[in-house]
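Please open the structure in your viewer and keep the selection panel at hand. The stops below are to be taken in order.

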Amino acid sequence: MKYIEAVLYSDSVKLKTDRFIYPVCVRTAVSEKNITVITDRKFKIISKGENLNWGDSVRIKNLFKISDSLYKGNVILHAETTKPVLRLRKRIKDFIGRKIELTGSENGLSLALLTGSRDNLIRDDIVKFRKAGCAHLLALSGMHLGIISLFFYFLLKPLLGVRTALFAVNIINLSYLVVSGLSASLIRACILTAILSYAKARDIKIPLLRALFLTFIINVVISPHLADDLSFQYSYLALTGIVLYARPLYRIFLRFMPPLISAPLSCSVSAQLFTAPLSAYVFKEVFFSGIAASVLLTPLITVFMWSSLMGLFIPQTVIFSFIAAGLRGMNNFISSLIMNTASLFSVLPPLRINTVTFTLLIIFNLSVIIMLTAPSPGLKIFKRYR
C-alpha cells in the first residue's frame, strides 16, 4: 500500500511517549501501482506526530496491523478541517482556553475537564491519576456531562421554567459533546440525558434501566463502530452497575456512614463490580484504591468544574475583579487538593492479575451481585429454618 487518505472521527489521544492514537475513518487507499480504492473503514493508528482534531484530513504511510482495530503507521496532516461546525468548535476551544488563561487560574485541569484537552496537564499528574485507579475522572464521561447539566439546569430553571431549561441543557450538552471530541462515553451520556429530559418534560415515568437499554440501542444504531471501543464498554458496564446496585449498597453503607460518604461510595463500588473484570482482562491489574479515591475526588471535581464554569461568564472588568480573584484562589486551592489526593492514592499497589486472582475476582464479584440481587428470599429462608 502506497498511502491511505483518512479523516479523524475523534480527537487524537496522546500516549506516555511522543506518540498519539489517531482514530481515523479511511476514505481512499492508493496501491503501489497508483490504483485507488474507495472504502469507509474505521480503526485506530499509533504514530509519532502532532495533536490533531476531529475532522482533520491525514495521509498515512507504512501501515501495518497490530490487531483487528489497531495499526501502526506514519500519520501526516494533509489538511485541517474546513467544515463550519468543526471550525466553530476550534474557536470555542480557543475561547475557553484564552478565558481560563486570563483568569490566571490553574488552566491545565480546567482545560482537561471543560474541553477534553490534556495538552497543559503534566504527564506525571496523568500517571498519578492512573495509578490511583481514577483515570476515568480525567477522561470526559457521563459524570462530567452530569455536572455541567446540573449547573446549567439549576441556573436556567428559575428564569426559563422546567421544560425550556431542559431543552437548553440538551443544546448545551450537544455543544459540550462537539467541543470535547465525540468520545463514546459522552455520546452515551448525551443520548441518555435527552431521553430522561423528554420523559421529565412530558411527565412520563421511565425506569432508568429501560432508558439505559434504549440509549444502548440508539447508540449502536447511529455509531456501530463504537461497540468495540473500550471506553464504550466501560461506560455501559459502569452505569449498569450503578443503576442496578447503587441503591442497595447505599442503604447498607448508610447504616455505618453519613449520606455524604455513602452516596459516592455506593456509586463507586457498584461501578467497580461490573468494570473490574474488564480491567483485569485488558490491563492485567485492578486498582481497588480507585474506590476510595473516587469518593474523595468526585465532589472536589464537581466544585472545581462549577467554579471554572462560573469563571467563563465573569466579565474582565474592575467591578468584577474581586469575584474573579476569589474564584481564581478557590480553583487553585481545589486543583492542588485534587492533585495531592491523587498523588496520595497513587502509591498504593494494584492487584496483579493472573489466572488464580482473575478467577477469585470473578467469584467475589458474582457473590456480591447475587447477595445484592436477592437479599429478601435468603432472609426469608433464614427466618423459616431458624
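**Stop 1: a helix pair**

Select helix H3 (residues 123–131) and helix H11 (residues 321–346), whose axes come within 8 Å and cross at roughly 55°. H3 and H11 are therefore oblique to each other, oblique being the class left after angles under 35 degrees (roughly parallel), over 145 (roughly antiparallel) and 65 to 115 (roughly perpendicular). Helices here are DSSP runs of at least four residues, and strands of at least two. Next, display the contact (heavy atoms within 4.5 Å): H3 contributes Asp125, Lys128, Phe129 and Lys131, and H11 contributes Ile338, Met339, Ala342, Ser343, Phe345 and Ser346.

This is a predicted model, in which local features need pLDDT of at least 70 and side-chain atom pairs count only at pLDDT 80 or more, while totals for chains, interfaces and linings use all residues. Residues are numbered from 1 along each chain as its sequence is written, and side-chain values use heavy atoms, with hydrogens and water left out.

**Stop 2: the nonpolar core**

Now select Leu109, Phe129, Leu297, Met305 and Ile338, the residues with the most contacts inside the largest nonpolar core, which has 56 residues. Such a core is a set of buried (under 20% relative accessible area) nonpolar residues joined through side-chain atoms within 4.5 Å. Helix H6 (residues 184–201) supplies the largest share of this core, 9 residues. Centre on Ile338: among its contacts are Leu300, Ile301 and Phe304.

**Stop 3: arginine 352**

Finally, select Arg352 in strand E9 (residues 351–352). Arg352 is exposed, at 55% relative accessible area, where exposed means over 50%. Its C-alpha atom is separated by 4.6 Å from that of Glu285, 67 residues apart along the chain.

Notes: Axes are lines fitted to C-alpha atoms, for helices over the stretch in contact, and angles run from 0 to 180 degrees between N-to-C directions. Buried means under 20% relative accessible area, exposed over 50%, partly exposed in between (1.4 Å probe, protein chains only). Lists of a residue's contacts leave out its neighbours within four places in sequence.
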